[in-house]
2 protein chains.
Amino acid sequence: MAICCCYLSPTKPFTIPPSIQLSSPKPLLRCNLSLPSKSPITLAEPDPIFTSVKAFAPATVANLGPGFDFLGCAVDGLGDFVSLRVDPHVHPGEISISDISGDNNVKKLSKNPLWNCAGIAAIEVMKLLGIRSVGLSLSLEKGLPLGSGLGSSAASAAAAAVAVNEIFGNKLGVEELVLAALKSEEKVSGYHADNVAPAIMGGFVLIRSYEPLDLIQLKFPSEKNLFFVLVSPDFEAPTKKMRAALPSEIGMPHHVWNCSQAGALVASVLQGDLAGLGKALSSDKIVEPRRAPLIPGMEAVKRVALEAGSFGCTISGAGPTAVAVTDNEERGKEIGKLMVEAFFKEGNLKACAHVKQLDRVGARLISSIRN
Amino acid sequence: MAICCCYLSPTKPFTIPPSIQLSSPKPLLRCNLSLPSKSPITLAEPDPIFTSVKAFAPATVANLGPGFDFLGCAVDGLGDFVSLRVDPHVHPGEISISDISGDNNVKKLSKNPLWNCAGIAAIEVMKLLGIRSVGLSLSLEKGLPLGSGLGSSAASAAAAAVAVNEIFGNKLGVEELVLAALKSEEKVSGYHADNVAPAIMGGFVLIRSYEPLDLIQLKFPSEKNLFFVLVSPDFEAPTKKMRAALPSEIGMPHHVWNCSQAGALVASVLQGDLAGLGKALSSDKIVEPRRAPLIPGMEAVKRVALEAGSFGCTISGAGPTAVAVTDNEERGKEIGKLMVEAFFKEGNLKACAHVKQLDRVGARLISSIRN
């Protein structure tokens, strides 16, 4: 049975009242953004061009050392799936979440669309498209563990945003999809686009500003290989706690250092300089030194990753996943094995390793059934 | 008459004692750098391949807004010249400064090579080359005003370093020349390579670290035009005072903002995105807001430059020169005229404007006479 929710009352299905869209929209969630000038009222309500779609959105590594809070990249082969279908049993203009699958932790996730990352993003895209005549049913397959530092909530939001956009004929641009997914991030983990932007756009994305939203895609040369060794320990690193560990004030020398490393990181990405990228990744003097001691074994894991020949290593997002980079998949597996061992020996934590390539595409439609 | 100086006494010519070069060199000036492993002792002393050379080094714009203390670029058509000749009247292994020409302010400059930017850099290059058998005479033509924020001292040092290297057959690499010129900067304005590195290398240069020295050349696409509008008011902005104006601690939001703008600046340079470059140039929330009020009229000058259609504007180096960027020389001249007017109206300062292209070459030999 589909569980639905309502804008006005959590016991009723969610509806986007046309009156709300017509003038000075009363936002469901606070929006800091300058929304695109194209408002839903100027669009004719699009018809669905598919009866059902399935979308995928990749895991993301945010921060990347000195890129704290403004840089992230997407990782292929790990991510979340959202299936969406036109559902005559759902009231027109409404959305319901019919199913959430994944590991045991997904039980923590709400099926109330207003409290679910995928649901919030889907609702925002429906609002942007002005959907009033079609009801949708959404099914979420979590491929990413929750709270791992791999952009789990962003992947759900990105997959849902893309799925809704695709089912109605791909009317919205990347920026609008990021805005929609940001509403979801705002509610669950903070107003940061460094996961949702690369989850939607793929590759490396620099968030230049929020007002207005200004994103720079940093193209890593296609002829170069880039593998991420992602080692996730069995440990909870709550984003709130990890954020509270940060200094509120930063001395000028450390500011200049991290700024220059951020510049070097951007240059290394664009120039396809893997050694430079790894060096920059490892260079953070502000955030990582505060967070690493809160993740048992992290400092040893980084040391081992560097000794084993990775180009660089840091914490992925707010952790607890450690991320190292290399240009060779086999070497990546060896490095990952040593990192897992280090988490166990030095942090007394079980961990699992994945070696994955850069995702250059971002959230995408993977299957569809046409009307 | 050549005025010479000595390492041990200012009344005697400067000599590089061979014993000092042979083992654990006793540096003239403190060196924070990891010097290149290739030490002078491993090189046979080179013979001069020219009897005289003339070198040019361009003006430089350091900081570039959020690139504070680690980013700079070179500007063509403005700079300093160093003429150097093998002089049998100068004791072998010594250097003398025979002449300094330029505007009235050059009278402030010492002809003692140990206290002159060009002299210090020339001595360092002679040390690196192990010169013991040839005496040199140096003449400095200052094309740049002193203390203008256009890298005047760096240009003198860069031209001298290149001149000495060229007269002995160009044995040293760019990094060694930067190290030599840095010794000069350390003495006169602080241990920063954001002027000397672009003065020697040309284009945009990011200083990634000092220990060891690690420089990243950022190639601005050759097919793109980039003009700098440089407006220098008749005002003294001592580097010490401008540095004292800086905050010692920076709040996290401003740190993240400036870091992201630094990344955007680097991306804009590499992608040849002039609008993005200008936007980043104008975006500094840490240094410019403290320094601009100390330069009468600067805030109005920036406003005018932006209103007149420049892509961006900030303070060049520690000031007082204002720098704006555009893609068209004629428009640059109009913008420059308006900026000069604004300095006069709002700051009661006379100013002069130059519109110059990016220098992509750096310090270079411009003439030579062979043995």
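The axes of helix α7 (residues 252–271) of chain A and helix α7 (residues 252–271) of chain B come within 8 Å and cross at roughly 35 degrees. This is a predicted model, in which local features need pLDDT of at least 70, side-chain atom pairs count only at pLDDT 80 or more, and totals for chains, interfaces and linings use all residues. Residues are numbered from 1 along each chain as its sequence is written, chains are lettered from A and ligands numbered from 1 in the order in which they are written, and side-chain values use heavy atoms, with hydrogens and water left out.

**Exercise 1.** Describe the crossing of α7(A) with α7(B) and the classes of residue in their contact.

Step 1. Helices (H or I, at least four residues) and strands (E, at least two) are DSSP runs numbered from the N terminus, while axes are lines fitted to C-alpha atoms, for helices over the stretch in contact, with angles from 0 to 180 degrees between N-to-C directions.

Step 2. The crossing of α7(A) with α7(B) is right-handed, that is, the near helix is turned clockwise from the far one by less than a right angle.

Step 3. Residues of α7(A) including A:H255, A:C259, A:A262 and A:V266 meet residues of α7(B), among them B:H255, B:C259, B:A262 and B:V266, where contact means heavy atoms within 4.5 Å.

Step 4. By class, this contact of α7(A) with α7(B) has ten nonpolar, eight polar and no charged residues; Ala, Val, Leu, Ile, Met, Phe, Trp, Tyr, Cys and Pro count as nonpolar, Asp, Glu, Lys and Arg as charged, and the others, Gly among them, as polar.

**Exercise 2.** Work out the strand order of the open sheet formed by four strands in chain A, and then place the helices that touch this sheet.

Step 1. The order is β10-β11-β8-β12 in chain A, with antiparallel pairing, two strands being paired if DSSP finds at least two bridges between them.

Step 2. Because β10 (312–315) and β12 (351–357) of chain A stand at the edges with a single partner strand each, one side of each is left without a neighbour in the sheet. Neighbouring strands of this sheet are turned by 20 degrees against each other on average, direction ignored.

Step 3. Helix α10 (residues 298–307) of chain A packs on the sheet by touching β10 and β11 (322–326) of chain A, and its direction makes about 160 degrees with that of β10(A). Helix α11 (residues 329–347) of chain A, by contrast, lies across β8, β10, β11 and β12 of chain A and runs at about 20 degrees to β8(A).

Step 4. Strand β8 (residues 227–233) of chain A is joined to the antiparallel β12(A) by seven bridges, and A:V229 has A:V355 in β12(A) as its bridge partner.

**Exercise 3.** Characterise the salt bridge between A:K302 and A:E288, and then that between B:D359 and B:R364.

Step 1. A salt bridge is a side-chain nitrogen of Lys or Arg within 4 Å of a carboxyl oxygen of Asp or Glu; the side chains of A:K302 and A:E288 meet in one at 2.7 Å, N to O.

Step 2. This pair links distant parts of the chain, with A:K302 in helix α10 of chain A and A:E288 in helix α9 (residues 288–291) of chain A, 14 residues apart.

Step 3. Both A:K302 and A:E288 are buried, where buried means under 20% relative accessible area, exposed over 50% and partly exposed in between (1.4 Å probe, protein chains only).

Step 4. In chain B, the closest N and O atoms of B:D359 and B:R364 are 2.5 Å apart; B:D359 counts as buried because its relative accessibility is 1%, whereas B:R364, at 22%, counts as partly exposed.
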